[in-house]
Amino acid sequence: MEKIMTMGEILVEIMATRRGQSLRAPGSLAGPYASGAPAIFIDQVARLGHPAAIIGCVGDDDFGWLNIERLQRDGVDTSAISVLKTAVTGSAFVTYRLDGERDFIFNITNSASAQLQPAHVSAAALKDCSHFHVMGSSLFSFRIIDAMKKAIEIVKGQGGMVSFDPNIRKEMLRICEMREALGYILEFTDILLPSGHEVSLLTDAADEAGAIDELFAKGVKEIVVKRGPQGCSYFARGARLEVAALAVEELDPTGAGDCFGATFVTCRHLGKGPEEALRYANASGALAVRVKGPMEGTSDFEQLDALLARP
Ligand code: ATP
Ligand code: MG
C-alpha cells in the first residue's frame, strides 16, 4: 500500500505538573514524553494501521532512542530518521497558564532536528509516498525549508498529495524564514488544516469567509478549521460541514490537532468521504486531550469506534 509520510522535528516534551506553574522557579516536572508535531502526526497515522514513515534527525541519546523505539512500536517506518553523533535530541518544556494557554521553552533550533537538510530528502526516502504532510512548526531554518520544498516537489512529481497544518506557535513567528515559507507551502497544499486563529494569519482577508475564498483561489481543495473544544468546520468548494466536539474531560490539549489532522488525512486516503473522515478526526482529537503527554493519546480505529458508539 502507498505510504503517508511527513518530515520534521522529533523531540521530547517535559511538562510542568501544576497549572500556573512557572518555569522560572523549581517545581515538579513530568516526562520525558515522545513529541514533535510531525512525530505525533505520523504515530497517529500508523496507529490507524496505515503505512507511515517520517524523515527527521535525533541525537544518539536517550531522548532520541525513546522516540525511535516508541514510533517503531506503533508501526512507523523509522528508517529515514538519522541518528546524529554530533547533536542532541530536541526538547520542549511546557507549562499551562491558569487561563489554559501554554508557554513553551523550545530547544529545537540548536538540536539534532535543526540539522535536517536537503541531503536527507531523496526519491529513495520518499519511495511509495503518495501523501506528504507538512507541519508549519518544522519550518524554522533555510535548510529545512529547502528540504521541505524538495520533498514536496518529489511527492507532487510522483502524483502525490500534500497536506499542511500551519501549527504556528507565537514563539516561532519570531523566526522570519518561517513566516515566508508558510506562503510557499500553501501554493502546493491540497488539504489545509489550520487552527481557527491561523486562517487570518495566512491570508489578507478581513474575515474567515473571505480567507476561505482566498485559499480556494490559491488551489487548496479542502480546508478543515480546528476549533478545540468547539469542534471543527470543513470547507470544500460548494460544501461546508460543522462538527461539534465530543464531550470529554480535557487533561492535556497538546497533540490534539496533530492526531486530528492525521486521522482526517488517513481516512480521506482510505477513500472515506469528508463526513466520515471528520467524525473520526473529531474523535481522534477528543481521545488525545483525555491523556497527559503529547503522543500518549494516539488511538486506533477500535478506540475511535468505541468513543463514537458511546451513547
Ligand atoms: P494546537 O494549538 O495544539 O496546534 P490545534 O489548533 O491544532 O491545536 P485543536 O483545535 O486544539 O487543534 O484540536 C483539534 C481537534 O481536537 C478539535 O477540532 C476537536 O475536534 C478536538 N478537540 C480539541 N480539544 C477538545 C476538547 N477539549 N474536547 C473535545 N474535543 C477536542
Ligand atoms: Mg496544531
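**Aromatic rings and a buried threonine**

Lys 149 lies over the face of Tyr 184, 4.3 Å from the ring centre; a charge counts as over a ring if NZ of Lys or CZ of Arg is within 6 Å of the ring centre and within 35 degrees of the ring normal. The model is predicted, so local features need pLDDT of at least 70 and side-chain atom pairs pLDDT 80 or more, while totals for chains, interfaces and linings use all residues. Residues are numbered from 1 along each chain as its sequence is written, chains are lettered from A and ligands numbered from 1 in the order written, and side-chain values use heavy atoms, without hydrogens and water.

The structure holds 4 aromatic pairs (rings of Phe, Tyr and Trp, the last by its six-membered ring, with centres within 6.5 Å; planes under 30 degrees apart are stacked, over 60 edge-to-face, the rest tilted). One of them is the stacked pair of Phe 104 and Phe 106, at 4.9 Å centre to centre and 5° between the planes. Phe 104 is buried at 12% relative accessible area, whereas Phe 106 is partly exposed at 27% (buried is under 20%, exposed over 50%, partly exposed in between; 1.4 Å probe, protein chains only).

Tyr 280 and Phe 301 are edge-to-face, because their planes stand at 75°, with centres 5.0 Å apart. This pair links distant parts of the chain, 21 residues apart: Tyr 280 is in helix 8 (residues 274-289) and Phe 301 in helix 9 (residues 301-309). Helices are DSSP runs (H or I, at least four residues), numbered from the N terminus. Tyr 280 is buried, at 7%. Lys 272 lies over the face of Phe 301, 5.5 Å from the ring centre.

Thr 266, in helix 7 (residues 256-269), is buried at 0% relative accessibility. Beyond its neighbours within four places in sequence, Thr 266 contacts (heavy atoms within 4.5 Å) Ile 4, Val 45, Leu 48 and His 50.

Notes: Helix = DSSP H or I, 4+ residues; strand = E, 2+ residues; numbered from the N terminus.
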